[in-house]
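Let's take a walk through this assembly, chain by chain and then contact by contact. Keep the viewer open as you read.

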Amino acid sequence: MLNWVLFLPLLGALGLTVVPAHRNDLTRGLTLAVMGVQFVLAAWLYGQFQAATGALQFETRIPWIPQWGVYYHVGLDGLNLLLVLLTAFLGPLVVAGAFSAITTGVRLFYAMVLVLQFAMVGTFLAQDLFLFYVFWEAMLIPMFLIIGIWGGERRLYATFKFVLYTAFGSILMLAAVIYIAYTVYTATGVPSFAIADLYRGGWSLEVQSLLLAAFALSFAVKVPMVPLHTWLPDAHVEAPTAGSVILAGVLLKMGTYGFLKLGLPMFPEAALLFRPVLMTLAVVSIIYGALLALVQEDIKKIVAYSSISHLGYVMLGLVSYDLMGIQGGIIQMVSHGLISGGLFLMVGMIYERCHSRDLAHYGGLARLLPGYAVFFMLLTLASVGLPSTSGFTGEFLALLGAFNAGWAELPHATWPLALAATAVLGVVLGALYMLRLAGRLLFGPARAPHLPLAGLSRREGAILTALVAAIFLIGLAPGPMLEKTEASALEIQSILNAARPAGGTP
Amino acid sequence: MSQLVIFFVFAAIMVFAGVMVITVRNAVHSALFLVLAFFSSAAIWLLMEAEFLAIVLVLVYVGAVMVLFLFVVMMLDVNTARLKEGFIRYLPVGLLVAVLIAFQLIMVVGGERFGLEDYPKPVPKAADYSNTEALGAVLYTEYLFAFEVAAVILLVAIVAAISLTMRRRNTVKTQKPEMQVAVRREDRIRIVSMASEPRNGREDGS
Amino acid sequence: MTDFVAITPELFLLTMACVVLIVDAFLPEAYRAVTYQLALMTLVITGGLTVALYPAEPQVVFHGAAVVDGMGSVLKAFIAGIAFFAFTYSKDYLRERNVFKGEYYVLGLFAVLGMMIMVSAHSLLTIYLGLELLSLCLYAMVAMHRDSADASEAAMKYFVLGALASGMLLYGISMIYGGTGTVDLGEIAAVVASGDIVDDTVLVFGLVFLVVGLAFKLGAVPFHMWLPDVYHGAPTAVTLFIGSAPKMAAFAMVMRVLVDGLEGLQADWQAMLVILSILSMAVGNVIAIAQTNLKRMFAYSTIAHVGFLILGVLSGTEAGYAASMFYAIVYAIMSLGGFGMIVLLSRGGFEADRLEDFKGLNERSPWFAFIMMVFLFSMAGVPPFVGFWAKWSVLREVVAADMVWLAVVAVVFSIIGAFYYLRVVKLMYFDKPEDASPITAGGDLQAAVSINGLAVLGLGLFPGALLTLCVAALAAS
């Protein structure tokens, strides 16, 4: 069943090749159907998922390249469960959202979206380091084309910047993967890439530090963490709406997921050493991203910089080493995927109507487009972290985890607490820039570049309703989700804590 | 001792002739110096008890190849003065490089590496030993494979040379009655439907 | 197997080449295609014979002149297969330029014979002769398009520099012969291993010249000057032949000389190969960025790939050799496809070898744009295409040989290299076509290129079989 979830988009992409090039309606319908079925299957898997165990479920493991010990090994655990669900959930929305925006090269576009979906789900599901790397790289090609072909005016610059940044990071990861493969082989005589085998790999601290640095660079580019974030605004601004949604909704999580699944538990001693750096960078990302968002005039850029800030919370939660923090990080990943995905979709909708993203051109949309304004306000509040929305659950848990860790470590060190306290500032800043955006966009004298504006279509309304419903679901009833992620998060936490000197934590 | 003297005399002549081949202006002289170089190397081979090779060198290269070569040179009347224009100009650089390389070679593999203690002198063969017979004994047995491959190379050389140089001259009009009689409709006309070429493709396309 | 049975594929190929030569001489112009079909059939049967005679263990035949072993047989079968595709690609191209002559196929068959002799050589003499046979055919093929000044110039350069390289090789061979008293690779290895030679300076001296000669033939920096001019000047149909199968033969030559014969001097040649490899990757990848002609760009990319190919050999382990062999085969397939695309797009005297000719290919033909993208990404080493596995396998062995720094250097250069491949993808997908006419190439050509592209994709998804084959082949040699 899990394999169906994974391979369905690829089959869909193959199916698109036999659809005649001019039958755009058929192409769109087929893609939407494929994505829809994928979501239903993923939701079913979510329902079947057993919360009690941290072990892999729905596992498939067959040899791929036996002489190198590479396996096709996929499975669900508490870490990737929600992310797979999120990816499958955003899939149909992205497809539906692009119906009116993409009018040239429709077939190629949807084929690329499907391939990208396949690669993303594959990255989350992979339980073999090699498979993970292959999927990780495979995401690059469709994204390169999506930004490059259907992007805005400076799309070439943006897409090349995106690819070179990411490729630079992943090439370092490749070097590290090769080294890991070699040491595992010489140590055990059996080549293996199974991620579970690589936890507590037993490398010396220096080697671990180098390997972690290579992995961390690659992941930090994807997250993105300051100072490796400069590709993000360009890529987001130039990408078509669907590209931005995928980028913000799912691709950025690859980085944080990579830290959680690979970077930290594979090299726990080195991670402990790097923890202050990572934590500091996370807080810097929160504050710096928020400050940058505060001064932008381009609507899309504001949302883009807010992503940097929000993913800072995820990192903060993960490196807190606190169970609540780790789980908060996971929830925050999902929440950010929904919120920023929604915001990008809304920016895309207004852009389709007015062909401008300049904040100065707009005002009083609440009067011109009342339906739009309601949804925008809801998303804004979720982004700010209003209680009862998913943004609150994620940020609150992550911050709580950071504070817990900070108090616990207070006898030894004051910096964790200080950083956690600083991070709270980000919440205030977040409220500032989001309310500034909403205020100038929705209220004040009514104006827009292209009047009159058509109201939200039924399709757009349905997309936004689904998103908002999901946001409130997580915000009001996060219990089941936390339950299902707990066992795996505990496992990761125990690996991480095992590296600490005894007596360091309760 | 006398062998040593003979070796150095012929070696000196050979090097001298080799230098002259590439420095004299007249192509005929150059060819003649090449003949001299072949003769000297044949003599050195004789010293090494390789009589057959020495004789073949004289017969084939001096007797056949060089004579052909002389023919060609005389008939074509190559303007050698022009060909050698660059020679003096590049001579200093060339000399410098040559001297440098020679110096390095001597540094790495000086004469002491090739001394008699490393590579003992081969035992002289008996007086009735036939070099030719020995060659004949291995050429078609031990070296059959290499021999055949060499033959294939010659065949390819012929094919390549012909295909590159033979050019049917379309400008000369001659009648071929047998072809005229045997002609069929299909040989003369061909009905094709073709897509039109793009406007102003590239020059070489027209 | 008796000696003659063991070389049946070569004997068959030689016979058929002569038959084709004679048949072609008596064929009227209208039936020229018969030559082509005969040549294709010959290659198929030769490949089949090679596979059928796959030896269980190495067998040295003809008094040490040749050896039939796993590595040789696998490479020979692939050479025949690649030549088959090269011939298929070239048919329409040659016909449109009025050089559709029997000689192309005759010389091509003889070139394949030369490669097969090189691949299965067991003596320095055989290697040299096979190499000369191959080179002679290639010189003539490059010059075949006599009306083209570029082709004549390329042929001249190729000939002069090729002769120089042969001279180097011969000089090295004579040194090795002087030092060991034999040209048989097995005996040379035995002499080197016996330790009778106290001072191996003469051997190393000879080795230097051998490596220089080999580097010339491979096209490794700093002995690469001929390569871009020849690739660029030669008719594309010939370039794709030169650029594909002979690389496998050159790899085999390196293996035979350095590993079969002079493995005892590994410490010496390893250092030389490291330098060649780094320079090749650096120069190839950096200069390729500046090219506007696709054939020249591929030429420089070849140089870079040769650098990678050498990496596996210099690791000095059996697994490393297998990785290099895998790389050689994979590279031949990718390069064949890349040049095949240029042939596919060109028509009626119009060469499609400028980068601009690929502009907007996606609008002209989405399928072939996709195929070309597969080739390019594969050459750049992006998973899941087979080029990634090739790079991965050699890098893995370099790390295993405790040269992590070298692997890092290689990785850095490959990321530089990715840029120029990406640029072509950009042209194909993001730009508007200058000439929106649909692709008019023949059906067989289209099918062959498609199969080639799908092979690169398929091997990328399931590289295990080919890898196993390479490892097994080297174990049996």
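What share of the contacts in chain A with a separation of 6 or more comes from residues 24 or more positions apart? The figure is 81%. Bear in mind as you look around that this is a predicted model, so every value here is computed from predicted coordinates.

Stay with chain A for a moment. Its secondary structure amounts to 20 helices and two strands. As for the inside, 60% of the 506 residues in chain A are buried.

The C-alpha trace of chain C spans about 70 × 55 × 40 Å along its principal axes. Its radius of gyration is 21 Å, which agrees with the value near 23 Å that a compact globule of 477 residues would have. Buried residues come to 63% of the 477 in chain C. Take the contacts in chain C between residues at least 6 apart in sequence, and 80% of them join residues at least 24 apart.

While you're in chain C, zoom in on one helix pair. Helix α4 (residues 70–96) of chain C packs against helix α11 (residues 236–243) of chain C at an angle of about 165°, and their axes are 8 Å apart. Angles over 145 degrees count as roughly antiparallel, which is why α4(C) is described as roughly antiparallel to α11(C). The crossing of these two helices, α4(C) and α11(C), is left-handed. Which residues do the touching? From α4(C) come Ala86(C), Tyr89(C), Ser90(C), Tyr93(C) and Leu94(C), and they meet Thr236(C), Ala237(C), Leu240(C) and Phe241(C) of α11(C). Sorted by class, the residues of this contact are seven nonpolar, two polar and no charged.

Next, how do the chains meet? Two pairs of chains are in contact, and chains B and C share the most contacts. No contact joins chain A and chain B; their closest C-alpha atoms lie 24 Å apart.

Look at the contact between chains A and C. It draws 23 residues from chain A and 24 residues from chain C. On the chain A side, the elements that give two or more residues are β1 (57–65), α5 (129–138), α6 (140–150) and α7 (155–188). Of these, α7(A) gives the most, with 11 residues.

Finally, turn to where chain B meets chain C. This contact takes 25 residues from chain B and 33 residues from chain C. Helix α7 (residues 144–165) of chain B gives the most to the side of chain B that touches chain C, with 13 residues. By class, that side of chain B has 16 nonpolar, three polar and six charged residues.

How values were computed. Residues are numbered from 1 along each chain as its sequence is written. Chains are lettered from A and ligands numbered from 1 in the order in which they are written. This is a predicted model: local features need pLDDT of at least 70, side-chain atom pairs count only at pLDDT 80 or more; totals for chains, interfaces and linings use all residues. Two residues are in contact if their C-beta atoms, placed from the backbone, lie within 7 Å. Helices (H or I, at least four residues) and strands (E, at least two) are DSSP runs, numbered from the N terminus. Axes are lines fitted to C-alpha atoms, for helices over the stretch in contact, and angles run from 0 to 180 degrees between N-to-C directions. Angles under 35 degrees count as roughly parallel, over 145 as roughly antiparallel, 65 to 115 as roughly perpendicular and the rest as oblique. A crossing is left-handed if the near helix is turned anticlockwise from the far one by less than a right angle, and right-handed if clockwise. Ala, Val, Leu, Ile, Met, Phe, Trp, Tyr, Cys and Pro count as nonpolar, Asp, Glu, Lys and Arg as charged, and the others, Gly among them, as polar. A residue is buried if 20 or more other C-beta atoms lie within 10 Å of its own, exposed if 12 or fewer, and partly exposed in between; C-beta atoms are placed from the backbone. The radius of gyration is taken over C-alpha atoms; the globule rule is 2.2 Å times the number of residues to the power 0.38.
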